[in-house]
Amino acid sequence: MKLLITEAEHFSAKAIADLKQQVEVRIGNIQTREELLSKSADCEVLFIRLGFAMDREIIDNAKNLKCILTATTGLDHIDVNYFESRGGKVISLKNEVEFLGSIPSTAEHTWGLILTLLRKIPSAFQHVKQGGWDRNPFKGNNLKGKKLGILGLGRVGKQVARFAEAFDMEVGFYDTKSIASNYLKFDTPEALFQWAEIITIHIPLSEENTNFVKKSMFENTKSPFIINTSRGAVWNENDMAMLLKEGKLSGLATDVIVHELDSDNRNSNPMMALANQNYNVIITPHIAGATFESMSMTEEFITQKFLEQLKK
């Protein structure tokens, strides 16, 4: 069985060693779509990260492809329905709740974005790099006493909430599931948004959650800061850009955008345009889960999950 690791830089050495005991492992650092099409053509398994979208062309080109391994919870970079309709299997971190509870990277990055946004760190640093030393334009806000609204109190949402306690913040949440919690629970996302001064989004991307966060939810809000480390399509990006331009958001930070692997779409993204116009916007390139420790842990977990499947 031929397995190709498409993006092998800093890939877990243990995962590679374990895989080599069972399958033929090809290690790649694939840079282009054309290279991916060529090198995956005769493979039965692909171990991917987020550098490429596994669409119909790539799936059809790899005529022997039986399995796609991805150390992610979200699967919007794979045409899962099409691949499964051809008899393929996707092995991922989706629904691996117990294991994912040990992975802190996305929650930590969420807090990095919160602090960076409220303290205007990027623009202050740029000012210093240009020779300035005037702190007055970069006065920010304390976190102590602020109201943090968490949309989705799942694995990451709970981690974010625990961190908020260290900052002595008030925490509220909305979730479609019935969750026992000491945090303040809201019956609708609109009620949560009206209460919150900072909003963080931690809902999975699904058909029901596509464009879930939209402009109508921000009536009578307090111009909150908003942070998204979920997926770009869980909110309406045009609505978020409009709210920011109208002053109904104090700032926006996101680690994800819609069609983020397509450079043309990135360049025309409405939030990217506002970032370039010096609005209070921070965009990072889907790095929330990209720490050395977390990536090694998840790659090793997916490897063991795959090897268990081989035994069946």
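Predicted model: local features only at pLDDT ≥ 70, side-chain atom pairs only at ≥ 80, totals over all residues.
Biologist: Which residues of H8 are buried?

Modeller: They are Val156, Gly157, Gln159, Val160, Ala161 and Ala164. Among the elements covering them are helix H5 (97–100), helix H6 (105–118), E6, E7 and E9. In general, an α-helix has 3.6 residues a turn, so residues three or four places apart point the same way. After H8 comes Asp168, with a positive phi near 60°.

Biologist: Staying with this sheet, what makes you say that both faces of E11 are covered?

Modeller: Side chains in a regular strand alternate between the two faces of the sheet. In strand E11 (residues 251–254), Gly251 and Ala253 lie on one side, Leu252 and Thr254 on the other, and all four are buried. Buried here means under 20% relative accessible area, so a strand with such residues on both sides is covered on both faces.

Biologist: How many bridges join E10 to E11?

Modeller: Strand E10 (residues 225–228) and E11 run parallel and are joined by four bridges. In one of the pairs, Ile227 has Ala253 of E11 as its bridge partner.

Biologist: Now Pro270, in helix H12 (residues 270–276). Why is Pro270 called partly exposed?

Modeller: Its relative accessible area is 22%. Buried needs under 20% and exposed needs over 50%, so Pro270 falls in between and is called partly exposed. Pro270 touches Glu237, Asn238 and Ala241, leaving aside residues up to four places away in sequence. Its C-alpha atom is separated by 36 Å from that of Leu4, which is 266 residues apart along the chain.

Biologist: What is the order of the five-stranded sheet?

Modeller: The order is E2-E1-E3-E4-E5; this sheet is open, with parallel pairing. Strand E2 (24–27) and strand E5 (89–91) are its edges, each pairing on one side only. From one strand to the next, the twist averages 20°.

Biologist: How do you know that E3 and E4 pair?

Modeller: Strand E3 (residues 45–48) and strand E4 (residues 67–70) are linked in the parallel sense over four bridges, and at least two are needed, so they count as paired. Val45 has Cys67 in E4 as its bridge partner. Helix H13 (residues 292–311) lies across strand E1 (2–5), E3, E4 and E5, at about 140° to E5.

Biologist: Last one: which residues are closest to the centre of the second largest pocket?

Modeller: Asp76, His77, His259, Glu260 and Leu261 are, out of 23 lining residues. The pocket holds about 490 Å³ of space, and its lining divides into ten nonpolar, six polar and seven charged residues.

Methods. Residues numbered from 1 in each chain as written. Heavy atoms only, no water. 1 Å grid on protein atoms, 1.4 Å probe; cavity = no way out; pocket = protein on both sides within 12 Å on 5 of 7 lines; lining within 4 Å. Points joined across faces, edges and corners; volume = space filled by probe spheres on them. Nonpolar A, V, L, I, M, F, W, Y, C, P; charged D, E, K, R; others polar. Buried < 20%, exposed > 50% of the residue type's maximum accessible area, 1.4 Å probe, protein only. Helix = DSSP H or I, 4+ residues; strand = E, 2+ residues; numbered from the N terminus. Contact = heavy atoms within 4.5 Å. Axes fitted to C-alpha atoms, helices over the stretch in contact; angles between N-to-C directions.
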